[in-house]
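Visitor: Can you walk me through this one? I'd like to start with a strand pairing.

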Amino acid sequence: MAKIELRDYQSRALSMLYDWLEKNTGHPCVVLPTGSGKSIVIAELCKQAITEWPDTQIVMLTRSIELINQNAEKLRTIWPGAPMGIYSASAGKKQLGEPITIGGPLSIVRVTKKIGHCDLLLVDEAHDISHKDEGSYRKIINDLMAINPSMRVIGFTASPFRLGHGMITDKPAIFDALIEPVSIEELIYKGHLATLRSKQTGFKLDTSGVHKRGGDFIESELQAAVDTSGNNESMIDEVIKRSEGRKSWMFFATGVRHAENLRDILIGRGVSAVSVTGDMSKKEREQAIADFKSGKITAITQVGCLNVGFDHPDIDLLVMARPTMSPGLYLQQAGRGLRPKSHTDHCLVLDFAGVVETHGPITNVQPPKRGGEGNGEAPVKVCDNCGELVHISVMACPACGHAFPEPEKKKLELRNDDIMGLEGKDLDVTAWNWRIHTSRASGKMMLACTYYGNLSDKPITEYLPVLHDGYAGQRAMQQLFSMANSSGANLAEAANLEGEQGLDYLSVQMSNSMPPKSIEYRLDGKFHRVIKLVVS
C-alpha cells in the first residue's frame with residue numbers, strides 16, 4: 001500500500017489546530033473543503049496524538065457506513081497496524097478496547113459507559129451535531145464529558161453551518177471556533193480540485209406553492225411538485241442534448257420514486273442508468289456503485305445516499321433536480337464533481353433546481369440565518385391606502401381590501417462558471433493603503449485596504465473585520481496573515497496588542513509592505529471582495 005504524504009495545507013491544518021488547542025479551552029472545528037482529504041488529516045491527527053501520548057483514548061464519530069469505512073481505510077494507510085476498532089451495527093462489527101474507536105452515533109451512544117475515559121472525540125461531518133442539547137451526538141458528548149470533563153471535541157466539516165441554526169459556532173453550539181487552513185480557490189489553483197461549470201438550463205423546476213418546514217422544503221410537497229412525467233422528461237431531454245463527451249453522470253433527486261423515475265426515462269432514452277436509494281440491499285447498492293465507477297453504467301440517480309463519503313473523481317456531469325434551501329446540502333452535492341478527472345479539467349453542472357441562483361457560487365456560500373426564537377416581532381408593512389399595519393406576507397389589506405403589488409424577485413445573472421465564483425475583474429496594482437475604518441452601521445472598528453491602479457482606474461477598497469467576534473473575525477484575521485506572508489509584512493507584535501492600538505500597528509505594517517502586482521475582485525452586495533492576489 002502506497003504511503004500517503006501530507007500536502008502542505010493538510011500539515012497546516014494540523015499546525016493551526018495544535019496552536020488553537022494550546023492557547024484555548026473549548027472545542028474547535030476544522031473546515032476543509034470537499035475533496036481536500038479530510039479523512040487523511042483525521043488519520044494523521046490520530047497517529048500523532050497516540051505516538052506522542054501513548055495513553056490517549058480517541059473516539060471517531062461519523063454518520064454513515066461509507067465514511068466509517070473510508071476513515072478506517074485512510075487510518076490504516078497512514079498508519080499500518082493502527083490500534084483501532086470499529087463499533088458499528090451497519091458494519092457488523094462491535095470492537096471495543098482499542099485506543100481508537102470508530103463508529104456511528106446510533107451505535108456508540110449505547111456503549112459510552114463501556115468506552116469510558118476518552119481524551120479526544122473527533123466528529124466527521126460535525127455540522128450534524130444539534131445546537132440543542134438533544135440527539136445522539138449530544139448525548140455521547142455529555143456522557144463522555146461526565147467521565148472525563150477535560151475531553152476535547154474536535155469537529156471536521158466542509159460546511160460549518162446548520163439550516164435554521166446558523167454557524168456551528170453560534171451559541172449554544174458545541175464548537176467555539178473555526179479553523180480554516182485552505183480555500184476552494186487555493187485547491188483549484190494548485191490542481192488538487194477540478195472546476196465546475198454551471199450552464200443556464202432552458203427548463204426550470206417550479207417550487208411555487210411548496211411550503212417550508214425547518215427552513216427547507218417539505219419533502220412530500222417537493223416530491224409531488226417536482227416528480228412529474230413532464231418535468232422528468234424535459235430534464236432528461238435537455239441533459240442528453242448537453243451531455244456530448246460526458247461519461248459519468250450523477251442526478252440528485254427529491255425522493256426514492258423520483259430517482260427511479262429518472263432512471264427509467266434514461267434507460268428508455270438509451271442511456272445505461274441505475275438508481276441508488278436507501279431501500280436497496282447492501283449487495284445491490286455495492287454492485288450499482290461498482291458498475292458506475294467502472295463505466296459500465298453511465299448515469300446514477302440517487303437521493304441522499306451518495307452526497308457524503310462517495311468518491312468517484314471522473315464524475316463529469318451533475319444534474320441538480322432537487323431544489324433545496326440548505327447551503328450545506330448544495331455544497332455536498334456540488335462537491336461530487338470537484339475531484340480532478342482523468343479525461344477533462346471540469347465538471348458540467350446542469351441546474352434545473354435553481355440551487356446556484358439560490359445560494360451563489362460555492363466559493364462564497366452564505367451561512368443560513370439562525371432560526372427565530374419565537375419571541376420577536378413579526379415583519380410588517382403599511383397599507384398605502386388606509387395606514388393599516390399588516391403582516392409582510394399579506395397580499396391584500398384586511399381593513400380596506402387594497403391589493404399590494406407583487407414583490408419583485410431578485411434574479412442572479414449566471415455566467416458559465418458562476419457556480420465557482422472564481423472569475424472577476426482585474427486591477428494592476430500600483431500602490432495600496434491600509435487604515436482603520438469605523439463601521440457606520442455597527443460602530444465597530446476594522447481594517448480597510450484600498451488598492452490603487454493607474455490614474456484611470458477606480459480604487460478598490462476591501463474591509464477586514466479582524467476585531468469582530470466569531471466566524472467573520474476569524475476569517476478576516478486568517479486572510480490578513482495570508483496577505484502579510486505574501487507581502488513580507490512583519491506582524492510579530494500583533495498578538496501583544498489589542499483594540500485600536502492593534503489595528504493601528506497592523507495598518508502601518510501592511511501599508512509599508514509590498515503590495516501585490518495585481519488583484520482579481522468582484523462585487524459582493526455593496527462591497528468589493530478580493531478573490532485573488534498576484535504577487536509576482
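Visitor: Which residue stands opposite Cys449 in β24?

Guide: Glu462 stands opposite Cys449 there. Bear in mind that this is a predicted model, where local features need pLDDT of at least 70 and side-chain atom pairs count only at pLDDT 80 or more, while totals for chains, interfaces and linings use all residues. Residues are numbered from 1 along each chain as its sequence is written, and side-chain values use heavy atoms, leaving out hydrogens and water.

Visitor: What do you call a strand, and when do two of them pair?

Guide: Helices (H or I, at least four residues) and strands (E, at least two) are DSSP runs, numbered from the N terminus. Two strands pair if DSSP finds at least two bridges between them.

Visitor: How many bridges do β23 and β24 have?

Guide: Five, and the pairing of β23 with β24 (residues 460-464) is antiparallel.

Visitor: Is Cys449 buried or exposed?

Guide: Buried, with a relative accessible area of 0%. Buried means under 20% relative accessible area, exposed over 50%, and partly exposed in between (1.4 Å probe, protein chains only). Strand β23 (residues 445-452) is mostly covered, with six of its eight residues buried.

Visitor: What about Cys46?

Guide: Cys46 counts as buried too, at 0% relative accessibility.

Visitor: How many aromatic pairs in the structure?

Guide: Three. One has the rings of Phe203 and Phe352, with centres 6.4 Å apart and planes at 50 degrees, so it is tilted. Phe203 lies in the loop between β11 and β12 (212-213), and Phe352 in the loop between β18 and α13 (355-359), so the pair ties together parts 149 residues apart in sequence. Both Phe203 and Phe352 are buried.

Visitor: And why is the Trp432 and Trp434 pair edge-to-face?

Guide: Because their planes are at 85 degrees; the centres are 5.4 Å apart. Trp432 and Trp434 are both buried.

Visitor: Switching topic. What is the order of the six-strand sheet?

Guide: The order is β11-β18-β17-β14-β16-β15, in an open sheet with parallel pairing. Its edge strands are β11 (195-199) and β15 (273-276), each pairing on one side only. The twist averages 20 degrees from one strand to the next. Axes are lines fitted to C-alpha atoms, for helices over the stretch in contact, and angles run from 0 to 180 degrees between N-to-C directions.

Visitor: What holds β11 to β18?

Guide: Five bridges join β11 to β18 (residues 346-351), and the two run parallel. Leu196 stands opposite Cys347 in β18.

Visitor: Which strands does α10 touch?

Guide: Helix α10 (residues 256-268) packs on the sheet and touches β14 (249-252), β15 and β16 (299-302). Its direction makes about 175 degrees with that of β15. Helix α11 (residues 282-294) also packs there, touching β14, β15 and β16, at about 140 degrees to β15. Contact means heavy atoms within 4.5 Å.

Visitor: Last topic, confidence. What is the mean pLDDT?

Guide: The mean is 86, and 89% of residues reach 70 or more. pLDDT is the predictor's confidence in each residue, from 0 to 100.

Visitor: Where is confidence lowest?

Guide: In strand β20 (residues 389-391), at a mean of 50; strand β6 (residues 120-124) is highest, at 97. Over residues 372-380 the pLDDT is below 50, and this stretch has eight contacts beyond near neighbours in sequence. Where pLDDT is low, the predicted coordinates should not be read in detail.

Conventions:
Rings of Phe, Tyr and Trp (its six-membered ring) pair if their centres lie within 6.5 Å; planes under 30 degrees apart count as stacked, over 60 as edge-to-face and the rest as tilted.
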